[in-house]
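Trainee: I'm new to this one and would like to learn how to read it. Can you walk me through it?

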Amino acid sequence: MPVKVLVVDDSAFFRQRASSILNADPRVTVVGTAENGKVAIEKAQQLKPDVITMDYEMPVLNGIAALTEIMRLCPTPVLMFSSLTYEGARITLEALDAGAVDYLPKSYDRMAQGSGGLDQVLVERVLTVARSRVGRAVGSTISPTKAAPTTTARSNSALQRPLTREAVKPSVRASSPPPKAGSLAKQCKLVIFGTSTGGPVAIQKILTRLPANFPLPILIVQHMPKTFTGAFAERLNQQCQIRVREASDGDLLEAGLALLAPGGEQMLVDARQGGRVRIMPGDERLNYKPSVDVTFGSAAKAYTNQVLGIVLTGMGADGRDGARMLKTSGSTIWSQNEQSCVIYGMPQAIAQANLTDHVVDLSDVSTHLLSVLGR
């Protein structure tokens, strides 16, 4: 059956254009539209869509308020539309925290031009969101099993609902036993997180549990546009005890400091002069800017067997090749388990390639990390 979509936007043009794009693909059908957040809540309950596309700026009730109420009443995978501005990034991060699965930049010009590339991106993103963990738990055509709604309005809903029985094999899904306490205390010199869809909430959940005196430098590679990474780093820095900032070329690797790769560029590791990051222009031949593979690969050369690479929720397989380089050099790789992922793509690629040393639930990452470092 086609994925059922509810399109929510106060612009009649945008509702019509998005509906036309989605209905043109046989895998998708638009079951309704809504011009404001209040109508969106009503139609979400009536139509039970598999995915909702949601604008933020709307009359009567804005997108964040509507999203929060939908996640409380009838949890549904939501794809937010966002402007590529600092304010748009801030709002999108709030939406992800409130339970949205993913986001897309909103461009009236590109929609009006009927860009085939944009059309395909919208369709594929909707299909991906429908298959997300929220989708498998509550989507009416994705799975017959309904998950109980959450009671906390601003809960991280995509990370809290149980899986349906259609989940993958337990050997792939389940966490492995906790690693030995202190096992990386002497060896590890750098921790690198790689993630994509679902990553902002996952990274927030991990870093907010780390103490200010965390003993190692941290690098974060999150697939995000340039205008988003600065806002994300600032948000994390306000929430965490450790320091967090967007990386700049030449930044020193320091204990208790997390550096976030800037969107549209690549972050490399240089072990000289006490350890630094190098920020390079994004190579158009690479699908991801920043790329987990690039950062992992450079770290494998710079720190050989002294890196802990952790691959979290996200679509695709970015990080697999870099993880193989880290493993070959003697470093350690962890991957997030299927049950706690929003999208089990990147960690699955690691697990299926037999590269992971430890499969870990998101809720346990910070605890296990502190344990292996002897904290």
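Predicted model: local features only at pLDDT ≥ 70, side-chain atom pairs only at ≥ 80, totals over all residues.

Trainee: Which residues make the contact?

Mentor: From helix 3 you have Ile64, Leu67, Thr68 and Met71, and from helix 4 come Ile91, Glu94, Ala95 and Ala98. Sorted by type, the contact of helix 3 with helix 4 has six nonpolar residues, one polar and one charged.

Trainee: What about the largest nonpolar core?

Mentor: General idea to start with: in soluble globular proteins, nonpolar side chains tend to be buried together. Here the largest nonpolar core has 62 residues, and Val191, Phe193, Leu207, Phe214 and Ile218 touch the most other members. Helix 4 turns up again, giving the most to this core with six residues.

Trainee: What does Phe214 touch, not counting residues up to four places away in sequence?

Mentor: Phe214 touches Val191, Ile242, Ala255, Gly256, Leu369, Leu370 and Leu373. Another core, of 26 residues, lies apart from the largest one, and its members include Leu190, Leu257, Ala300 and Tyr303.

Trainee: And Arg235, is that buried or exposed?

Mentor: Buried means under 20% relative accessible area. Arg235 has 16%, so it is buried. Arg235 lies in helix 10 (residues 226-239). Leaving aside neighbours within four places in sequence, Arg235 is in contact with Leu93, Glu94, Asp97 and Gln204.

Note on methods:
Residues numbered from 1 in each chain as written. Heavy atoms only, no water. Helix = DSSP H or I, 4+ residues; strand = E, 2+ residues; numbered from the N terminus. Buried < 20%, exposed > 50% of the residue type's maximum accessible area, 1.4 Å probe, protein only. Contact = heavy atoms within 4.5 Å. Nonpolar A, V, L, I, M, F, W, Y, C, P; charged D, E, K, R; others polar. Core = buried A, V, L, I, M, F, W, Y, C linked by side-chain atoms within 4.5 Å.
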